[in-house]
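User: I'm new to this structure and would like a close look at just one part of it. Could you pick out how the chain is tied together and walk me through that slowly?

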Amino acid sequence: MRLKLLLLLLILSLTSALGSPSHADVRFHVKNCTDQSIGYWTFDGGDSLRIIQASHGTLSAFHPAEKSGESDTRFHTISCETGSHCQLYLHPSEFFNKTFKYNIGKNVYMRIISLVQFEYDDPAIAAREGTQYALRFTLSSGTERCDDPTDSYASLAAE
């Protein structure tokens, strides 16, 4: 009797798992147009505890002068497993040990155009806020080259 019950539970579990719709990956694309390597890691959009990384890797630095005749680099396709967006963390290798976070959606193309360090012009704000660090980027629905003009961009402040 116990064996039959165990077999029935096993069959029901397999049927349920095989019959349920699978979660599609949230894929997006990132291009690093800076002269610094940038480490990245992602978490699923709804993972508020950020316990299990969905993916990780490094976006190589871009040095157009070293690549004879090349004026562009490739997009890297990155993903997480569930949700409508991914939590993307970016950590440039030589940029004051700063990390930048962005919630990125499906099928978006992110072009990282610069890493900047600055201080506010107002002495009172500069004294209170100290040195600031920003990652500047563009988002689009299609590919962009590193040397494409940048009419506007978004910025992430370091965490």
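Analyst: Let's begin with the link of C33 and C146, which is left-handed, with -85° about the S-S bond. Their sulfur atoms lie 2.0 Å apart, and a disulfide here is a pair of cysteine sulfur atoms within 2.5 Å. C33 sits in the loop between strand 1 (26-32) and strand 2, and C146 in the loop between strand 8 and strand 9, so the pair ties together parts that are 113 residues apart in sequence. Strands are DSSP runs of E with at least two residues, and helices are runs of H or I with at least four, numbered from the N terminus.

Please keep in mind that this is a predicted model, where local features need pLDDT of at least 70 and side-chain atom pairs count only at pLDDT 80 or more, while totals for chains, interfaces and linings use all residues. Residues are numbered from 1 along each chain as its sequence is written, and side-chain values use heavy atoms, leaving out hydrogens and water.

(Buried means under 20% relative accessible area, exposed over 50%, and partly exposed in between, with a 1.4 Å probe and protein chains only.)

The structure holds two disulfides. The other joins C80 and C86, again with sulfur atoms 2.0 Å apart. This link is left-handed too, with -95° about its S-S bond, and both C80 and C86 are buried. Numbering the bonded cysteines in sequence order gives the pairing 1-4, 2-3.

Now for the strands around these links. An open sheet of five strands has the order 4-1-7-8-9, with mixed pairing; two strands pair if DSSP finds at least two bridges between them. Strand 4 (76-80) and strand 9 (154-157) stand at the edges with a single partner strand each, so one side of each has no neighbour in the sheet. Strand 9 runs antiparallel to strand 8 (residues 132-140), joined by four bridges, and F137 stands opposite A154 in strand 9.

Finally, have a look at strand 5 (residues 85-92), which is mostly covered, with six of its eight residues buried. Seven bridges join strand 5 to strand 2 (residues 38-44), running antiparallel, and H91 in strand 5 is the bridge partner of G39. Strand 5 is also joined to strand 6 (residues 100-105), by six bridges and again antiparallel, with K101 in strand 6 as the bridge partner of Y89.
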